[in-house]
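Please view the sequence and the model first.

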Amino acid sequence: MLEHLNRAMDHIEDHLDGTVDAAELARIAMTSEYHFRRLFSALAGLPLSEYVRRRRLTVAGAEVLAGERTLLDVAVRHGYTSAEAFGRAFRAVHGIGPGEARRTGAVLRSQPRMSFRLIVEGSTAMEYRIVEKEAFRIVGKKARVPLVHEGVNPAIAEFIKGLAPETVQRITALSDREPAGIVSVTEVLGDKRVEGTEVDYHHAVVTGAERAEEEFEGLDVQDVPAGTWAVFESSGPFPQTLQNLWRDVFTQWFPSNPYASRPGPEILRTLPSADWTEAAAQLWIPVERMPV
């Protein structure tokens, strides 16, 4: 997988003065476009489109300072239809306009070329299983919150605190499918997984698709079709263990296994210790098997 990812990175470099097509990158990486975008964002720490923009303007910046082409030629060469559009994009990355940069010989910002390699840390194997799951429903309460990579997410904590105890009891009673009990369900909007990205968060349970709609009155309901899920388990300090599990799945497990993520909710079941300093975590990720 890493070899194919790096071939896709080479393709980006070869097409910075033309069109960089995400579907073609996914084909080179031998995965789906959805998974390629998600995996790239997790590994690189920024969305694919932002990386391409920064690389393109890094190369353009060197051409601006070299002075061998007019600014309009540089703009057109890197896919901008006007000097004004190029100027706005250039300033957004470098903090200065291209004309001023050329006149003053300014110091510009550079986005290094990325490549991926697997770093093995420690000797603990990641435990997982593959589950074929029938259609089900996620039932509970939903809020849109910013993504937080480290520490407690204050928006989620505030949202849960605001739920009435009787509402939580009612939701809990609807649980009749694995994973059992109250779960945290996250749906990333688009292909970004960077800090601050908005996600839909459900404080909910998993229940059967055959249940009557009347049971869910006043609650948020989402139907999830049948499919394949990878289930990961880990335990340790709270909340670091939960967040590290998510990180390791996308940065270590996916690049090393013949599976790709597919659209769908990511489900986390947490069993905390009495003082909330430790927790056992079970993470469900929707996946599809890729050709090897």
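Is H78 buried or exposed?

The model is a predicted one. In it, H78 has a relative accessible area of 2%. Buried means under 20%, so H78 counts as buried.

H78 belongs to the loop between α5 (71-77) and α6 (83-94). Leaving aside residues up to four places away in sequence, H78 touches L16, D17, R56, V59, A60 and E63.

## Aromatic pairs

A pair of aromatic rings is described by the distance of the centres and the angle of the planes. Searching the whole structure gives 13 aromatic pairs. One of them joins F159 and Y201: the ring centres are 6.1 Å apart and the planes stand at 90°, so this pair is edge-to-face. F159 is in helix α8 (residues 154-161) and Y201 is in strand β4 (residues 198-208), so the pair links distant parts of the chain, 42 residues apart. Both F159 and Y201 are buried.

W253 and Y259 have ring centres 5.6 Å apart, with planes at 20°, and the pair is therefore stacked. W253 is buried, as is Y259.

Where does R289 lie? R289 is over the face of Y259, 5.5 Å from the ring centre. Another arginine, R262, has its charged end over the ring of W229, at 5.4 Å from the centre of that ring.

Note on methods. Residues numbered from 1 in each chain as written. Predicted model: local features only at pLDDT ≥ 70, side-chain atom pairs only at ≥ 80, totals over all residues. Heavy atoms only, no water. Phe/Tyr/Trp six-rings, centres within 6.5 Å; stacked < 30°, edge-to-face > 60°. Helix = DSSP H or I, 4+ residues; strand = E, 2+ residues; numbered from the N terminus. Buried < 20%, exposed > 50% of the residue type's maximum accessible area, 1.4 Å probe, protein only. Lys NZ or Arg CZ within 6 Å of the ring centre and 35° of its normal. Contact = heavy atoms within 4.5 Å.
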